[in-house]
Amino acid sequence: MRIRLVAATAAAAGTLAVLAAVPAHATEYQSALKIKGVQYDAPGRDSNSCSTGNTDEEYLTLKNYSSRTTVNLKGYVVKDKAGNKFTFTRNHYLQPGDYVKLRGGHGTDSDARNVVYRNNCNFMWNNDKDTIYVYKPSGSGADSHAYTKSGNDGDGNGYITFHG
């Protein structure tokens, strides 16, 4: 009886180890900076015209979830699954609990308004599905999330929240 119990316990532990190795929908990294949400589908008809388009209505919200550490975004990289990327080239400090909206289009970056512009009039996020990656200046992962319109946007408003 004891041998069967030990074998069953070992088998169960092996099953748990295999289950623990299965990747989750989002990769959890040890990082204070995380994706709070994404407006992946700008309201209205998509137009990437620099003068009259709505790419500035597509944005990614990054938040500093630390309770005591300030994060400087300089050197952080945001990418999509296709390899489109944006690199924060200037100092932009996020105090604990603070956030920034990384918007498409052109505009003036502002710490006071919590906004940085990609200075690119092309949409970055796909309206049906995509994966968002955020990398630290060191190149290691900070956060990533995959989404599908049908699976993650229950109210159909083009916005998905990842970390509240």
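Author: Helices (H or I, at least four residues) and strands (E, at least two) are DSSP runs, numbered from the N terminus. The model is predicted, so local features need pLDDT of at least 70 and side-chain atom pairs count only at pLDDT 80 or more, while totals for chains, interfaces and linings use all residues. Residues are numbered from 1 along each chain as its sequence is written, and side-chain values use heavy atoms, with hydrogens and water left out.

Reader: Thanks! In what order do the elements of the protein chain run from the N terminus on?

Author: The protein chain has two helices and twelve strands. Read from the N terminus on, the order is α-β-β-β-β-β-β-β-β-β-β-β-α-β.

Reader: Which residue of β12 is the bridge partner of valine 38?

Author: Valine 38 has its place in strand β2. Strand β2 (residues 33–39) pairs with β12 in the antiparallel sense, over three bridges. Within β12, the bridge partner of valine 38 is isoleucine 160.

Reader: Is valine 38 buried or exposed?

Author: Buried means under 20% relative accessible area, exposed over 50%, and partly exposed in between (1.4 Å probe, protein chains only). Contact means heavy atoms within 4.5 Å. Leaving aside neighbours within four places in sequence, valine 38 is in contact with residues including Leu60, Trp125, Ile132 and Phe162. The relative accessible area of valine 38 is 0%, so this residue is buried.

Reader: And how far apart in space are valine 38 and leucine 60?

Author: In sequence, 22 residues separate the two. From C-alpha to C-alpha, valine 38 and leucine 60 lie apart by 4.4 Å.

Reader: Lastly, which elements give two or more residues to the lining of the largest pocket?

Author: On a 1 Å grid over the protein atoms alone, a pocket is an open set of points where a 1.4 Å probe fits, with protein on both sides within 12 Å along at least five of seven lines; lining residues have an atom within 4 Å of a point. Among the residues lining the largest pocket are Phe86, Thr87, Val116 and Tyr117. The elements that give two or more residues to this lining are β6 (85–87) and β9 (115–117).

Terms used. Two strands pair if DSSP finds at least two bridges between them.
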